Amino acid sequence: MIEIKDLKKHYGEDGEIKAVDGVSFDCPDGQITGLLGPNGAGKTTTLRMIAALIKPMGGTVIVDGHDVTTDAQMVRSLLGVQSDMLGVYPRLTPREQFRYYGRFYGLKGEALESRVQAVIEELKMEEIADRRAEGFSRGQRQKIVLGRALVHDPHNIIMDEPTTGLDVMAVRDTRQTIRDFRDQDRCVLFSTHYMDEAERLCDNIAIIVKGKIVAFGTPSDLIARAQTVNLEDAFVALAGREGLLRSEYSQRGRED
Amino acid sequence: MLGHINNIWRKELLDGTRDRRSLAQSLLLPLILGIMAAVLSPVMTAVITSRQQSSVTIPAQGIEYLGRELIDTFRLLDITLEPHAGDLEATIRSGDEAAGLIVPEGFSDRIDNEEPAGLILLTNRTSGGIFGGSFSVQRLVLAINSYNQLVSIERVELRGVDPALLVPVELESRDLATPEQLGGFFAAFMLPILIGMVAVLGGLFIAIDVTAGEKERGTLEALLVTPASDAAIFFGKLAAVFTMTAVPIVLAFMGFWAASNLLPESVTKGAVLPIGVIFGAILIGLPLALFISVVLMTISIRTKSFKAAQSSVGAMQLFVLIPIFAAAFVLPTESTAFLIPIYGPAAVVAKLAVGATLPDNAILFGIISSLLAASVAMVIALRLFNRERLLYSV
């Protein structure tokens, strides 16, 4: 379970750019929680603080009872993080890359090999597992990125825009994988800006605009609260058109 | 922490050695440089020796005014005077010839009349490059001195004076250089340069690849979300860079030594560098490799693309090579000078090569200077190697 409490991250000399400003919500086990927001809303900064990549200026994140501000290393070991960057090591095979990441989590010997093999089978990568990643398609690289986040069999999974840029089949596979995680009682937190994806996959959605959570609930709750017919309209209504525009343009230059 | 360091070290080496271009630059090039330096040392010695011993032809004007005795002296020292028509000064100034001799009219008569007689020697020391003109000039000066002595002896003998009175100090010169020292004559110049070039070239690609390359590929964030600490990531990567800097140094020196020993005796004249010098150079070279590795990484960390890192590291090569060249040309006399980073270790290698007696603690100082410099650079690098800085730097 991931509990996010009053998380803050400000940038600029006087902290005038409030990338994340008092974000709070919970991601329970066995559920998919979506973080929805326009570009520049603070999604990636929030996810990076949860993943102990950057330090919060205020508030905290508790992962399975461990506080990210006091025990970052333990929090990192409890998470499987798939970033939005599809960078892979082109001179290494997927199997070698999974071994590399598995060792960071204390896996070795037979346990490492069997876990690597399990990930390869789970992601249907048998044909490419022992080929160097040079020239891999976007979908194949996405599988490596996902595989290295899963190699240590984490209970809590964070995914940053996991389907962006993928072809139809790869998107279907990724969405099914996310559903499988829920069925395995894992805690899944993922960011997206695809409304249909969020509506179909998420048990709960946190809408973030200008670094603040403006709404949190199940997709049907949000639609009902906004009195709209679908999540996209609900999102626009709850986030506010002006807020969306300001998120898009006022924070340009800094990453999401 | 050690497990994480080992994991990163193994992965970076596997990754780095799979790139043929970087492997060639890291391992093959240093080996070739070592072999080339070994071959060049005796070749340069042989060129200089042959120039010192070969016959010298000097353009001259007024040869007809020289006496028989002076011509014989020149011949004895293998100097041939060649009549020169035209402007001799212009010829020498243009660098076409290294030296020329002008014999004034009546020179021989003045000698016979025991009057002061002068010769004009024109030289251009830039002619012929580093193996050029000075040899002709030295030989000519030697010939004139010999002739002066000869004539003086004749003159005092005619007057019944003991010629020994003309030579209050007799200088007997003996070259006591051992074959090993002769072998180290050029090695003293080449080994410091070799160590500097190889240290920079060897670790260059991997240092950039594990820092700026990781950012450019988009793999950095995935590494930073693992439980490995900032320090473990830094030291794991540094271990890989150090390996790829240290191995080429060992290869270059072993290549140097092996090639020296494989050269025929007719080339080396028995002047082969002892293996102890090679081991000494490696002992000094490894801490230096550590320092250079940290500096390479520190510079590369600050950039976010491979290309930007290559440009930044270019300036760093100068930073290394300037003190190395200084050591190749000017050896220190004070022990404390061996504490100067880069210069000190390079000077130790140069002194080892010529078999010179090293001042007390010189080797220790050379090692300490590199380790101290590496420690300071590591503190700086560790401050830069912090997750948040890395994600948002530059």
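Two strands are taken to pair if DSSP finds at least two bridges between them. On that basis, and in what is a predicted model, four strands of chain A form an open sheet in the order E2-E1-E4-E5, and the pairing is antiparallel. Strand E2 (17-27) and strand E5 (66-67) of chain A are the edge strands, since each of them pairs on one side only. Strands of a sheet pair through backbone hydrogen bonds, either parallel or antiparallel.

Within this sheet, strand E1 (residues 2-11) of chain A is joined to strand E4 (residues 58-63) of chain A by five bridges, and the two run in the antiparallel sense.

Helix H1 (residues 43-50) of chain A lies across E1, E2 and E4 of chain A, and its direction makes an angle of about 120 degrees with E1(A). How many of the residues of H1(A) are buried? Eight of its eight residues are buried, so that the helix is mostly covered, a residue being counted as buried if 20 or more other C-beta atoms lie within 10 Å of its own. The buried residues of H1(A) are Lys43(A), Thr44(A), Thr45(A), Thr46(A), Leu47(A), Arg48(A), Met49(A) and Ile50(A). Just after the end of H1(A) comes Ala52(A), which takes a positive phi of about 60 degrees.

## A helix pair and a hairpin in chain A

Elsewhere in chain A, helix H3 (residues 94-104) and helix H5 (residues 138-150) pack with their axes 8 Å apart and at an angle of about 30 degrees. Because angles under 35 degrees count as roughly parallel, H3(A) and H5(A) are therefore roughly parallel to each other. The crossing in which H3(A) passes H5(A) is right-handed. On the side of H3(A) the contact is made by Pro94(A), Gln97(A), Phe98(A) and Tyr101(A), while H5(A) brings Ile144(A), Gly147(A) and Arg148(A). By class, the residues of this contact of H3(A) with H5(A) divide into four nonpolar, two polar and one charged.

Chain A also has a hairpin, made by strands E9(A) and E10(A) with two residues between them. Strand E9 (residues 204-209) of chain A and strand E10 (residues 212-217) of chain A run antiparallel and are joined by five bridges, and in one of the paired positions Val209(A) has Lys212(A) of E10(A) as its bridge partner. In the turn of the hairpin, Lys210(A) has a positive phi of about 50 degrees.

## The sheet of chain B

In chain B, four strands form an open sheet in the order E2-E1-E3-E4, and here the pairing is mixed. The edge strands are strand E2 (79-83) and E4 of chain B, each of which pairs on one side only. On average, neighbouring strands of this sheet are turned by 30 degrees against each other, direction ignored.

Which strands of chain B pair in the parallel sense over two bridges? They are strand E1 (residues 56-61) and strand E3 (residues 99-102) of chain B, and in this pair Ala60(B) has Leu101(B) of E3(B) as its bridge partner. E3(B) also pairs with strand E4 (residues 120-123) of chain B, in the antiparallel sense and over four bridges, with Ile102(B) standing opposite Ile120(B) in E4(B).

## Helices and a loop in chain B

Helix H14 (residues 343-353) and helix H15 (residues 362-384) of chain B have axes that come within 8 Å and cross at roughly 145 degrees, and H14(B) passes H15(B) in a left-handed crossing. Gly344(B), Pro345(B) and Val348(B) of H14(B) meet Ala362(B), Ile363(B), Phe365(B), Gly366(B), Ser369(B) and Ser370(B) of H15(B). This contact of H14(B) with H15(B) has five nonpolar, four polar and no charged residues.

Val330(B) is found in the loop between helix H13 (306-329) and H14 of chain B, and it is exposed, with 12 other C-beta atoms within 10 Å. Val330(B) and Phe189(B) are 141 residues apart in sequence, and their C-alpha atoms are 9.9 Å apart in space.

## Where the chains meet

The contact takes 23 residues from chain A and 21 residues from chain B. On the side of chain B that touches chain A, helix H1 (2-17), helix H9 (220-224) and helix H16 (387-392) of chain B each supply at least two residues, and the largest share, five residues, comes from H1(B). By class, this side of chain B has seven nonpolar, six polar and eight charged residues.

Definitions and conventions
Residues are numbered from 1 along each chain as its sequence is written. Chains are lettered from A and ligands numbered from 1 in the order in which they are written. This is a predicted model: local features need pLDDT of at least 70, side-chain atom pairs count only at pLDDT 80 or more; totals for chains, interfaces and linings use all residues. Two residues are in contact if their C-beta atoms, placed from the backbone, lie within 7 Å. Axes are lines fitted to C-alpha atoms, for helices over the stretch in contact, and angles run from 0 to 180 degrees between N-to-C directions. Angles under 35 degrees count as roughly parallel, over 145 as roughly antiparallel, 65 to 115 as roughly perpendicular and the rest as oblique. A crossing is left-handed if the near helix is turned anticlockwise from the far one by less than a right angle, and right-handed if clockwise. Ala, Val, Leu, Ile, Met, Phe, Trp, Tyr, Cys and Pro count as nonpolar, Asp, Glu, Lys and Arg as charged, and the others, Gly among them, as polar.
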